[in-house]
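Thank you all for making the time this morning. I would like to walk through one protein chain, and I ask you to keep its sequence and its structure in view while I talk.

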Amino acid sequence: VFLIGSVKLLLIDEVHLLGDDSRGCTLEAVICRMKTVQRAARAKANLSSSDMERATFANTTEEALKSDMRIVTVSATLPNVSDIA
């Protein structure tokens with residue numbers, strides 16, 4: 001979790017595959033997983049050790065849910081611009 005939580009830039013090539021029936025769901029799952037791990041790592045870093053014992057994901061603060069990771073997407077073609085927007 002530490003390694004993935006320390007990622008500051010996620011570069012996604014071939015983003016036009018997001019709407020693809022065979023590989024689009026995999027790409028979407030990877031993006032969602034990275035965002036989830038980033039949020040969890042930040043929430044864990046923002047909580048003190050005593051807070052960690054009684055905290056749940058549901059009661060973390062809005063600040064803890066923000067991610068420092070930037071997502072940059074690139075593609076040679078964008079036939080599905082509405083899926084990405």
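If we take the contacts in the protein chain between residues at least 6 apart in sequence, 74% of them join residues at least 24 apart. Please keep in mind throughout that what we are looking at is a predicted model.

The secondary structure of the chain comes to 5 helices and 2 strands, and, reading from the N terminus on, these elements follow the order α-β-α-α-α-β-α. Of the 85 residues in the chain, 21% count as buried, while the chain exposes about 6,300 Å², with carbon and sulfur atoms supplying 57% of that area.

Let me turn to helix 2, which covers residues 24-46. Which residues of helix 2 are buried? They are Gly24, Leu27, Ile31, Met34, Val37, Gln38, Arg42 and Ala43.

Met34, in helix 2, has a relative accessible area of 13%, and because the cut-off for buried is under 20%, Met34 counts as buried. Leaving aside its neighbours within four places in sequence, Met34 is in contact with Ile4, Val7, Leu10 and Met69. Ile4 and Met34 are 30 residues apart in sequence, and yet their C-alpha atoms lie 7.3 Å apart in space. Leu27, if we again set aside residues up to four places away in sequence, touches Ile12, Glu14, Val15 and Leu18.

Glu14 brings us to the loop between strand 1 and helix 2. With a relative accessible area of 37%, Glu14 is partly exposed. What is the phi of Glu14? The angle is near 60 degrees, which is a positive value in a residue other than glycine. As background, most residues other than glycine have a negative phi.

Glu14 is also touched by Val74, a residue in the loop between strand 2 (70-73) and helix 5 (81-84). Besides Glu14, the residues that Val74 touches, not counting those up to four places away in sequence, are Leu11, Ile12, Asp13 and Val15. Val74 and Leu11 are 63 residues apart in sequence, whereas from C-alpha to C-alpha they are 7.7 Å apart in space.

Is Leu9, at 52% relative accessibility, buried or exposed? Leu9 is found in strand 1 (residues 9-12), and because the cut-off for exposed is over 50%, its 52% makes it exposed. Val74, by contrast, has a relative accessible area of 35% and is therefore partly exposed.

Notes:
Residues are numbered from 1 along each chain as its sequence is written. This is a predicted model: local features need pLDDT of at least 70, side-chain atom pairs count only at pLDDT 80 or more; totals for chains, interfaces and linings use all residues. Side-chain values use heavy atoms; hydrogens and water are left out. Helices (H or I, at least four residues) and strands (E, at least two) are DSSP runs, numbered from the N terminus. Buried means under 20% relative accessible area, exposed over 50%, partly exposed in between (1.4 Å probe, protein chains only). The expected span of a helix is 1.5 Å times one less than its number of residues. Contact means heavy atoms within 4.5 Å. Accessible areas come from the Shrake-Rupley method with a 1.4 Å probe; for residues, only the protein chains shown count as cover.
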